[in-house]
Amino acid sequence: MSTPSLADLPIRRLTPRDLIACADLSQDRGWPREEHKWGLLLAAGKGYGIDDPHGGLVSACVVTQYGTEYRPDLSAIGMVLVAERHARQGVGRRLMRHVVAESGTTATPLTLYATPYGRPLYEELGFKVTGSAEMVRGHFTPDGAASGVATRAATGEDLAALVRLDAEVFGADRTHVITRLPAFADQLRVAEEDGRIIGYAAAWPNMDTHVVGPLIARDTETAKALIVSLAAHTSRPLRTDVDVRHEELLSWLKERGLASVGFNAVMTHGIPDLPGDWTRRFAPVTVAAG
């Protein structure tokens, strides 16, 4: 029996049962396996993949929808991967065209974070660059200065307030992601003023680091206080992806021991810019989910 051509292999929905295959695909491309992150994405989002007749996945990606289930306000595309043995044969383009076409049936705007390598494909598909995020990583060194912003560990009673604040800042409802943070993250902390939550941040495990995200805060000082509180409860290096417009926070992080790792272009399709309030949106949950 002859092996089907790549163009004839069907695209199917992935489920959490495909987690190991997705992690294997990441490893195949020289990425970390990131099984913990894949678990969140496959549970909260919609995975798409192409099976290799010889085993494993030819390609995969995940789409995380925000807003109502039947009429999403925004969809974030991430983890677009093609196995090395099938690279440069149009597989990634085919998978992306499928995802874009599906979003077109509901007129859902799209967003993604693009590496320099992937950006030309996304531009070909109609995505426009609307911003940039800088990844920084390293052991955080506190300066010892007292913060005027009060922070504490989040509790179950805070979740409703976090969902409301997040929707206001992000510009779309992310209840299905935010309510998973207590189980997904090692830390979830809030900043308060007069009993009102003015920001929150999570730190979740990713290989040998703790990724700070999401980071939502009223202002830069609040964002700093949240990062200090997270760093105080971990010995791992921190990693986060900060909107480059937050220059003060990025400079402060670099002064505190984090170094620039690289940049990703923020791209959109169907909208001129992301919804919400960027001045309070400092870092995403993960670039794979917006």
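Modeller: Buried means under 20% relative accessible area. The model discussed here is predicted.

Colleague: How many of the five residues of strand E5 are buried?

Modeller: Strand E5 spans residues 110-114. The strand is largely enclosed by the rest of the structure, because its buried residues number four of the five.

Colleague: In E5, which residue is the bridge partner of Ala76?

Modeller: Strand E4 covers residues 72-82. Three bridges join E4 to E5, and the two strands run parallel. In E5, the partner of Ala76 is Thr111.

Colleague: Is Met79 buried or exposed?

Modeller: Met79 is found in strand E4. Its phi is positive, about 55°, although Met79 is not a glycine. The cut-off for buried is under 20%. Met79 has 6% relative accessibility, so it counts as buried.

Colleague: And Asp194, buried or exposed?

Modeller: Asp194 is also a residue other than glycine with a positive phi, near 50°. Asp194 sits in the loop between strand E8 (187-193) and strand E9 (196-206). Exposed means over 50%. At a relative accessible area of 78%, Asp194 is therefore exposed.

Colleague: How far apart in space are Gly118 and Val80, C-alpha to C-alpha?

Modeller: Gly118 lies in the loop between E5 and helix H4 (119-124). Gly118 counts as buried, because its relative accessibility is 12%. In sequence, Gly118 and Val80 are 38 residues apart. In space, C-alpha to C-alpha, the separation is 8.9 Å.

Colleague: Is the peptide bond from Gly213 to Pro214 cis or trans?

Modeller: Pro214 lies in strand E10, residues 209-217. Omega from Gly213 to Pro214 is near 0°, and the bond is cis.

Colleague: Which residues does Thr222 touch, not counting those up to four places away in sequence?

Modeller: Thr222 is found in helix H8. With a relative accessible area of 0%, Thr222 is buried. Its contacts, leaving out residues up to four places away in sequence, are Val149, Ala191, Ile198 and Ala217.

Colleague: How does H8 lie against H9, roughly parallel or roughly antiparallel?

Modeller: Helix H8 (residues 220-231) and helix H9 (residues 247-255) pack with axes 10 Å apart, at an angle of about 30°. Angles under 35 degrees count as roughly parallel. So H8 is roughly parallel to H9.

Colleague: Which residues of H9 make the contact with H8?

Modeller: The crossing of H8 and H9 is right-handed. H8 contributes Thr220, Glu221, Ala223, Lys224, Ile227 and Val228. The residues of the contact divide into six nonpolar, one polar and three charged. From H9 come Glu248, Leu249, Trp252 and Leu253.

Notes:
Residues numbered from 1 in each chain as written. Predicted model: local features only at pLDDT ≥ 70, side-chain atom pairs only at ≥ 80, totals over all residues. Heavy atoms only, no water. Axes fitted to C-alpha atoms, helices over the stretch in contact; angles between N-to-C directions. Parallel < 35°, antiparallel > 145°, perpendicular 65-115°, else oblique. Left-handed = near helix turned anticlockwise from the far one by under 90°. Contact = heavy atoms within 4.5 Å. Nonpolar A, V, L, I, M, F, W, Y, C, P; charged D, E, K, R; others polar. Buried < 20%, exposed > 50% of the residue type's maximum accessible area, 1.4 Å probe, protein only. Pairing = 2+ DSSP bridges.
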